[in-house]
Amino acid sequence: MAISKLGGTGSDNWELISSVTPTAASAAVNFTGLSPYKKLLIRCTGLSQVGGTASVRLNNDSGTNYDWQYLEDSAPATEAATGDVLTAQTSFALNLVTKGFAIFSSCDNSGLKIMEEAASDATLYVYLANGFYVASAIITQVNLVSSGTFNASGTVALYGVK
Amino acid sequence: MKPNVLDVDVNTGQQTVREMTDAEYEQYLKDQADAETSAD
């Protein structure tokens with residue numbers, strides 16, 4: 001179930017823009033026609049994929065405009081995390097299998113868009129990342145893309161702050 | 001066969017399922033190759 005409103009007043013009053021279930025055998029969920037939002041949040045719960053993991057793009061941009069650093073741990077209770085610093089990537093790799101979120105700030109202007117994300121799955125895999133989308137365009141699309149295909153389950157919800 | 005994508009127009013709420021364009025499919029294959037490289 002999507003959260004209808006994450007609460008708050010003033011500058012961080014998140015509103016639900018849209019909430020959908022991916023289509024069976026689809027490889028992307030594209031939220032289009034966005035008016036300018038200061039912040040955008042995409043939240044995924046209960047997803048199921050075949051042969052891949054999910055990443056996020058902005059404005060359907062697959063250019064090398066995504067810089068971020070991450071830590072990931074497939075067994076937080078017993079193993080140390082690994083990580084890397086990545087530049088000029090073609091998406092924000094959420095490594096999302098079943099659930100995760102990404103928040104984007106400064107989406108309504110031509111400056112850097114700040115990205116913060118986290119993903120996990122039922123086996124306690126944890127992925128944490130933050131970075132920047134370095135293109136200048138105002139955000140009008142948010143794209144959740146799978147390197148495999150989605151099953152028709154779970155929820156992809158998009159929230160925004162005006 | 002190219003996968004489908006789900007387009008959601010946030011203004012009208014209309015959801016459209018369509019086949020990937022050739023350009024989207026080319027990028028999809030690149031994404032798969034990148035994912036396989038990262039897993040190595």
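## Basis of the model

Residues are numbered from 1 along each chain as its sequence is written, and chains are lettered from A and ligands numbered from 1 in the order in which they are written. In this predicted model local features need pLDDT of at least 70, side-chain atom pairs count only at pLDDT 80 or more, and totals for chains, interfaces and linings use all residues, while side-chain values use heavy atoms, with hydrogens and water left out.

## The interface between the chains

On the chain B side, 20 residues are in contact with 24 residues of chain A; contact means heavy atoms within 4.5 Å. The area buried between the two chains is about 1,500 Å², and carbon and sulfur atoms give 49% of it. Buried area is the accessible area (1.4 Å probe) that two parts lose on being put together, summed over both. In chain B, the residues that lose the most area to chain A are B:L6, B:V8 and B:V10, together 36% of what that side buries.

Twelve residue pairs, both at pLDDT 80 or more, are in polar contact across the interface. A polar contact is a pair of N or O atoms within 3.5 Å; within protein, one must be able to donate a hydrogen and the other to accept it, and residues adjacent in sequence count only if both atoms are side-chain atoms. The elements giving two or more residues to the chain B side are β1 (4-9), β2 (15-19) and α1 (22-39) of chain B, and α1(B) gives the most, with seven residues. Helices (H or I, at least four residues) and strands (E, at least two) are DSSP runs, numbered from the N terminus.

## Strand pairing

Two strands pair if DSSP finds at least two bridges between them. Strand β2 (residues 26-32) of chain A and β1(B) run parallel and are joined by five bridges. Here A:F31 stands opposite B:V8.

Within chain A, strand β6 (residues 66-73) is joined to strand β11 (residues 126-133) by eight bridges, and the two run antiparallel. A:L71 has A:L128 in β11(A) as its bridge partner. Strand β10 (residues 113-120) of chain A also pairs with β11(A) in the antiparallel sense, over eight bridges.

## The salt bridge across the interface

How many salt bridges cross the interface of chain B and chain A? The rule finds one, counting a side-chain nitrogen of Lys or Arg within 4 Å of a carboxyl oxygen of Asp or Glu. B:D31 and A:R57 form a salt bridge, with their closest N and O atoms 2.8 Å apart. The pair crosses from helix α1 of chain B to strand β5 (residues 54-58) of chain A.

B:D31 counts as buried because its relative accessibility is 13%; buried means under 20% relative accessible area, exposed over 50%, and partly exposed in between (1.4 Å probe, protein chains only). A:R57 is buried as well. Leaving aside neighbours within four places in sequence, B:D31 is in contact with A:R57, A:T90 and A:S147.

## Salt bridges within chain B

The whole structure holds five salt bridges over all chains. One of them joins the side chains of B:K2 and B:D22 (2.6 Å, N to O). B:K2 lies in the segment before β1 of chain B and B:D22 in helix α1 of chain B, 20 residues apart. B:K2 is buried at 19% relative accessibility, whereas B:D22 is exposed at 59%.

Another salt bridge joins B:D7 and B:R18 (2.6 Å, N to O). B:D7 is in strand β1 and B:R18 in strand β2 of chain B, eleven residues apart. B:D7 is buried at 17%, and B:R18 is partly exposed at 25%. Salt bridges that share partners join B:K2, B:E19 and B:D22 into one network.
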